[in-house]
Amino acid sequence: RATDAGVTAVGVRAMKRAREEDDESTRAAVPEETGSPVARPSITSEDEPGAIADRAGVPTADLDPALAVYEGARASVTLKPEFAKNLRVADVHELVTWVLTSGGGNPRWAFVRHKPVVRQVVMILAPGLDEKRCAAAAELMPNIRKRLGKGLPTNHDNATANDMTLARAVLCSVREDAPNGGKATKIAKSAKNEERDGDDPPSSTAAADLLSRPMPFPPTHYALSPKQMVEMDYPTPTLASRKDGEAAPKPTFVVPEGFVVTQPSGGGVARAPPLSMLAVDCEMCYVGVGADKRLVLTRASVVGPDGSVVYDKLVKPSEQITDYNTAHSGITAEQMRGVFTTIEDVQRELLELIAQETILIGHSLENDLRRLKIMHSLCVDTVALYPHPRGPPFRSKLSSLTEKHLKRRIQEGTHDSVADARATMELALLKFVHGPGFGEPEGVGGSLFQACANAGARCDAIDKRTVLDALLPDGLRPPGLQTHACVADADAADTLARLVSAVDSNSTLNLSLG
């Protein structure tokens, strides 16, 4: 399934050769925002049809003596739409490796004139800004076409891929069968293997053993952001609306009927001191029939940081159970005989156990919280800790993650919420111990940063700290790569402007993909 990728790129900025490594004027920059690529030019040449980018000539003194023949030459890029009908997001790197490395192959969909004089490239990934949108809203974004020209549409094999998935497709796609012989791929994989060899999961992945190991970041580092919680359909308060004619009230949040919200430790019923973290898993059965058939809570289980059970109760629904869903819930009619605990009882008891400061861990935790009718703001979800290789909306099964990382099987024949909660806690602790890069899906090829580093290029990556940590874990950052954490687009733009201005603007090739 193909989709137009949405990214505007003005390239990956880097230095051209190892011989220029000591020349501080050739510091390089790399991508900024994550997203899907669009290839576009920065300056359209009026003299040559199809040229999408150029630059002023480079003085002979700034070039290698062997390049003196290029004195006063202008570098330009001409896109070839006829060869780009099936241009993939993962192929965008070809233009960068062709310009900045000695082993990259010439992409069929672009021609670079006077390539030897190019000494830096800048790539910007802009989420949602694709070729179709730029064409359809040309009047609203006049500078896109004016500055960058007409781009090339790209496609991706996942129509619902998010910004991070697309960024990986752009930055981790230097293929082993590429003209460079897979040099970047092999080195990147070797570095990854070395890192994992040194940080292999311990022989015991029990929660108590993992809990005793050092963690590079505190567990709160992995908590979902409010935006992520909304995107994943977590239960959240809504802003109260006002009736027509009423004066605008102060902003007020409303909790849906039947829902409760966790409270600060020591306030209300929440225990003090708060528990550091808990893993939750629930089992559900069906009530109603036909169009009214729906899942309701029938068991709630909670385990502590060491994997011990701190809460486990069967719950009697307010309506008669019509389908015990035993294959997926493990609940039988016999088990439910004599059960009188209601969801209100469970809410009251969990509000005492789970303080606002407690980290709540789960797998697709939003489903459990919706059945419990509890809202909690500090959540860690193993769905986000271990992303599916194809990106959202795809999710890895808890049983698959447990077998792969914990080396054991669960959910064979039926489900057990205690076993599932314990596996979820151990998966989270395993991630905390090994850091943000652990469990991340591997790209389709080697790192573009590594390819540039192999060619003697120094690179700069600009983005939010969480994005940089996810895309470039500490153990996998190539030599010479500098990261710049920003909190807003304006910060990223200022940082990029500062880096670019440090390099001779006459030796910059601005190019873009659509």
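A contact here means heavy atoms within 4.5 Å. Among the contacts in this chain between residues at least 6 apart in sequence, 72% join residues at least 24 apart. The model is predicted, so local features need pLDDT of at least 70, side-chain atom pairs count only at pLDDT 80 or more, and totals for chains, interfaces and linings use all residues. Residues are numbered from 1 along each chain as its sequence is written, and side-chain values use heavy atoms, leaving out hydrogens and water.

**The whole chain**
- The secondary structure comprises 17 helices and 17 strands, taken as DSSP runs (helices: H or I, at least four residues; strands: E, at least two) and numbered from the N terminus.
- Of the 514 residues, 50% are buried (under 20% relative accessible area, with exposed over 50% and partly exposed in between; 1.4 Å probe, protein chains only).

**Helices α13 and α14**
- The axes of α13 (residues 398-406) and α14 (residues 417-434) come within 10 Å and cross at roughly 50 degrees; axes are lines fitted to C-alpha atoms over the stretch in contact, and angles run from 0 to 180 degrees between N-to-C directions.
- That angle makes α13 oblique to α14 (under 35 degrees is roughly parallel, over 145 roughly antiparallel, 65 to 115 roughly perpendicular, and the rest oblique).
- L398, L401, T402, H405 and L406 in α13 meet D420, A423, T424, E426, L427 and L430 in α14.

**Residue N86**
- N86 lies in the loop between β2 (76-79) and α1 (93-100).
- N86 is exposed, with a relative accessible area of 67%.
- N86 and L152 are 66 residues apart in sequence and 10.0 Å apart in space, C-alpha to C-alpha.
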